[in-house]
Amino acid sequence: MVEIRTPIEVNDAIERVMKYAVKGEKTFIPLEESHGFFLAEDLISDHAVPPFDRTRYDGFAIRSEATENGDSRLEVVGQIGAGSVFEGTVKENEAVRIMTGAEIPAGCDAVIMLEHVKETSQGEKRFIEFTRKLTSFENITKTGEDTQKGEVLVQKGTYINPGIMALLATFGYRQVPIVKRPRVGIISTGSELLPVDAALEPGKIRDSNSYMLIGQIERAGGIPVSLGQFADDLDICYDQVVAALDEVDILLTTGGVSVGDYDYIPAILERLNANVLFNKIKMRPGSVTTVAEVDGKLFFGLSGNPSSCYVGFELYTRPAIRNHLHTKNPYLKKLTAQLGTDFTAPNPFHRFVRGKLIYESGNVIAVPVGLDKPNIVTSLAEANVLIVLPGNKEGYEAGEQVMAVLLADQSGIAWNDWLRKE
Ligand code: AMP
Ligand code: MG
């Protein structure tokens, strides 16, 4: 049977995938292990920060009214370090020696910096003398200046970075509520593929996609589960997919999605009675990317061409993984840049060119890496953006403003308008 495939728009394909993307469950991990996970709950301040008025500097806590005539001499009645509090109330002609971060003693409303006073003594008594006038709250960080109680500081679904770890510690999260990472299975297909530790043989290549996908899955926030390679026999492959779907949240295959003699994916999906969301997209590379839903799980049949596999993952699988992690921003962030090279050949399909950003005389330039052919693996190493060249145009010239999608960014955006819908 020769199958006719109708290509759909990239945005439609993404929408279809996201309709079936599910959300993961909550679990807890110790704060020190939380980096790179995704918050399962909003982080809300349960107290003001700082929780008390405190001094910004080393110096003396005083009452600002005592400085009104511009020539003060105050008796030093105590000394406190950060973490200590002064008992009692400070009077107008008194001062308390205070260290950075310490709570302002009762009665005081300003701090004179250590370097702005002269310290003197008279018998047992110690004094400070200075000529500055201070205003109320000078050199003091007020209660709640950083944040008030009850504010949502970080939304659920946010990637936990070092700054968020500091916030979690500030609010006493010994255990952090995080979303369980989805388990993402990888099966490679192709009788030409050798394991990574095998010597090369005539007509064979090493399986590089599996390892590339391990990295992409981890970067997206999933747990890669290597499930080996397809057998040559359709019945065995079918059983492999059934077993794999039982074990993982999302299943990826690479290769075998074309209509060649040994391309089993379409036959397996048919036998599974899968809901095929699409099997052809108006994009290059990766036009034969196939996505299906099988009993509530997403199955991504990625192309075997390394670059097609790479792009197909980033466009369709990554947002599904991010959705699983509860983020409101599942799509890759973009910026505008100057195109670094001409792309003169017109192309009816949208192109996603692996590129890198360089900075030249104040401009951000998106330069394609290596040769832009779907079967080229060497160009992927340097790629940190996908340059988006919408189809239906007379080609592109160097210097034109184009969109570049950032591959390693963790914050993301809520919806991609990389491509306007026609
Ligand atoms: P396919 O999608 O199976 O028709 O494969 C397309 C091209 O990608 C062929 O040149 C394959 O040899 C190559 N290829 C397929 N799978 C892999 C893989 N796992 N690693 C590297 N190259 C692959
Ligand atoms: Mg193949």
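1. In this predicted model, strand S5 (residues 72-80) pairs with strand S9 (residues 125-130) over four bridges, in the antiparallel sense. One facing pair is Leu 74 and Ile 128, the latter in S9.

2. S5 is also joined to strand S6 (residues 94-98). Five bridges make this link, and the two strands run parallel. Here Glu 75 stands opposite Glu 94 of S6.

3. An open sheet is built from six strands with mixed pairing. The order is S16-S13-S17-S21-S20-S18. Strand S16 (223-229) and strand S18 (275-278) are its edges, each pairing on one side only. On average, neighbouring strands of this sheet are turned by 20 degrees against each other, direction ignored.

4. Within that order, which strand is joined to S17 by five bridges? The partner is strand S21 (residues 297-302); strand S17 (residues 250-254) and S21 run parallel. Leu 251 stands opposite Phe 299 in S21.

5. Helix H6 (residues 306-324) packs on the sheet. H6 touches strand S13 (183-188), S17, S18 and S21. The direction of H6 makes about 170 degrees with that of S21.

6. Helix H1 (residues 10-20) lies across S18, strand S20 (290-294) and S21. H1 runs at about 145 degrees to S18.

Methods:
Residues numbered from 1 in each chain as written. Chains lettered and ligands numbered in written order. Predicted model: local features only at pLDDT ≥ 70, side-chain atom pairs only at ≥ 80, totals over all residues. Heavy atoms only, no water. Pairing = 2+ DSSP bridges. Axes fitted to C-alpha atoms, helices over the stretch in contact; angles between N-to-C directions. Contact = heavy atoms within 4.5 Å.
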